[in-house]
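Here are a few notes to go with the structure. Have it open while you read, and take the points in order.

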Amino acid sequence: MRIHELAKKLGVDSKELIKKLKKLNFDVKNHMSSVDEDTAEIIMHEIKTLKHQEIESNVIEVNFPVTVKDLAIKLGKKPSELLVDLMKERKLVTINQNLDEATAIGIAYKYKVNLCKKLSEEDAILKVKANALKERAPVVTLMGHIDHGKTSILDYIRNSKITEKETGGITQHIGAYQVVLDKGKITFLDTPGHETFTAMRARGATITDIVIIVVAADEGIKPQTVEAIDHAKAAGVPIIVAINKIDAPNANPDMVKQQLSKVDLVPEDWGGKTITVLVSAKTGKGIDSLLELILLQAHIMELKADYDRAAVGVVVEARLSKGKGPLATILVREGKLRVGDWCVCGIYRGKIRAMYDDRGELVKEVYPTVPVEILALAGVPNPGDQLFVVPNEKSAKEIVEKRRDEEDIKRIVPSAHLKLEDLYKKVKEEDLRQLKVILKADVGGTLEAVGDALEKIPSEEVDLVIIHKGVGAVNSSDILLADVSDAIVVGFKVSVDPKARDLAKNKGIELRVYQIVYELIDDIRAALEGLLKPHIKKVFLGRARIKSVFKLSKSGIIAGSIIEKGKIIRGTACNLFRGNEVIFEGKVQSLKRFKEDVREVAQGTECGIGVGYNDIKEGDVLDVFTEEVITRRLK
Ligand code: GDP
């Protein structure tokens, strides 16, 4: 290979290449000199390493986000040059627009600059070196199926452990409370529901140390119980199972234990590792054991915090009070939070004017994991947002401004999640070792079969892990879990809740629903092999609910329907659902508005739909799709 060809391959000037090669002691004369293949390979490697080293050592610090103009100044280039570079990457921006971190670093790299993030005041505050750590109370969340008794257990604990010391009972209710027992303290988060738990995780806040899964002894494990278990497992939080309602006449704790064994939570008394405890929120039986087991688990976990630093906490819930303005319930995780502290929380700042504890009493300072409601912020933050104390108003202001800019960027560039088409590329380039899947199917039998088939797909490089599987429509809790776990969501013969569909779109989550099992398996196998073939993707177009059914002499059975979402177009593919099950697949054959044939009908309108299927019934739901070809993306 000749030197000029090599230079072209490396994207450098031939003269420069010759100079560098001479420095590296390669014997080359001019750009027409040739080298054998092995030498060419070595040269390329050496030059790339050299280039990388040069760039690595050429560090320039910037504050992110950075505008095109500011980046150009830092790089000593004209903004217009950068705009051209960005255009080449199909990014149309103006010179005053902010660039996200990855884009800015990529551009700088082209100019042989290693762009580094200036350690912001915020980072500096959060990275404080730990002082002596002291023990702290565990933070506990109860999760489980609705009506299995989460609230009753929380109320029982609260009433038996708090109010007995209170004269006027509980005056105020906030989203968390702490109980003080002889052997220690426990903080309970009173925001039951695994969706809240995972939504908070998505904001970077896994504040729960222990999850209590509540299962009613008379009903056993339900779909939401499984969801809750999988959400806790995905977060890596230890689980204690409370089998509740043991006082109920048809309570059957052994049945529950058997079911638990099937979801990999084999009870300790059955030879497994899962702590289970029998309780009744009605009679109070077993509640003391539950509390003791929590403390025991906490002790094993050696939970500690730094009590002496500037405080850091997390928002458990927040609201707007008519009289007081924005109020946020904060769980302090590190340090002491005091009245008078300046703080930043989410995109708001403020000085703490007042703090109320879980009994509604004013307090002056709190330490890790005591929950308080604070009156400080200029707005209502989101659950899961971090709160931290800053030295003064000026730094609070600066940090908030920066955060708002970042929020703006996030709105423009949604976070990138794993896409099936890119899986192989990621395996190769980023050392990805696991494909996490959330699997939903129409019935239990199929769910097991599809799950087994997926897990059996051989792949040396990447493990397929099903982090949650369940029966029924894809819901927002599935998408939230996929978001925090960087998983993909795969459905088989199920519908997708409209809210979940929107959420998946906003968060950039890969969501695929299949009607044919081998297509599902083939796609995953192909993705694992980097050979995902072009396929027809069904793009949701609209949903109609059947309100009445009538027969027309010419057109056959017509379903009088209302378009609940999107629109329906004649000729498009459709699935007819009864409950979660697809009972018919076909095409929209006829579409009528008041006896008139029409091509399409939009959301909110009533119409008559014929799909050539006679067993259509009131209450059925018809989903309509367009079909989009997904091109194969190799490499
Ligand atoms: P959550 O939806 O999980 O918060 O459930 P709740 O705490 O609201 O309880 C649902 C229903 O079960 C209520 O009617 C409670 O009174 C009842 N319940 C809760 N715990 C027990 C219990 O230990 N025994 C009996 N018999 N009923 C209970």
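**Notes on a sheet and its helices**

1. Start with the open sheet: six strands, in the order E7-E8-E6-E9-E10-E11, with mixed pairing. Strand E7 (176–181) and strand E11 (275–278) are the edge strands, and each of these pairs on one side only. On average, neighbouring strands here are turned by 30° against each other, direction ignored. Keep in mind that this is a predicted model.

2. Now zoom in on one pair. Strand E9 (residues 210–216) and strand E10 (residues 239–244) run parallel, and six bridges join them.

3. Last, have a look at a helix pair. Two packed helices are described by the angle between their axes and the distance between the axes. For helix H10 (residues 223–235) and helix H16 (residues 476–485), the axes come within 11 Å and cross at roughly 10°. Angles under 35 degrees count as roughly parallel, so H10 is roughly parallel to H16.

4. Who makes that contact? From H10 come Glu227, His231 and Ala234, and from H16 come Ser477, Leu481 and Ser485. Sorted by type, the contact residues of H10 and H16 are two nonpolar, three polar and one charged.

Technical notes
Residues are numbered from 1 along each chain as its sequence is written. This is a predicted model: local features need pLDDT of at least 70, side-chain atom pairs count only at pLDDT 80 or more; totals for chains, interfaces and linings use all residues. Side-chain values use heavy atoms; hydrogens and water are left out. Two strands pair if DSSP finds at least two bridges between them. Helices (H or I, at least four residues) and strands (E, at least two) are DSSP runs, numbered from the N terminus. Axes are lines fitted to C-alpha atoms, for helices over the stretch in contact, and angles run from 0 to 180 degrees between N-to-C directions. Angles under 35 degrees count as roughly parallel, over 145 as roughly antiparallel, 65 to 115 as roughly perpendicular and the rest as oblique. Contact means heavy atoms within 4.5 Å. Ala, Val, Leu, Ile, Met, Phe, Trp, Tyr, Cys and Pro count as nonpolar, Asp, Glu, Lys and Arg as charged, and the others, Gly among them, as polar.
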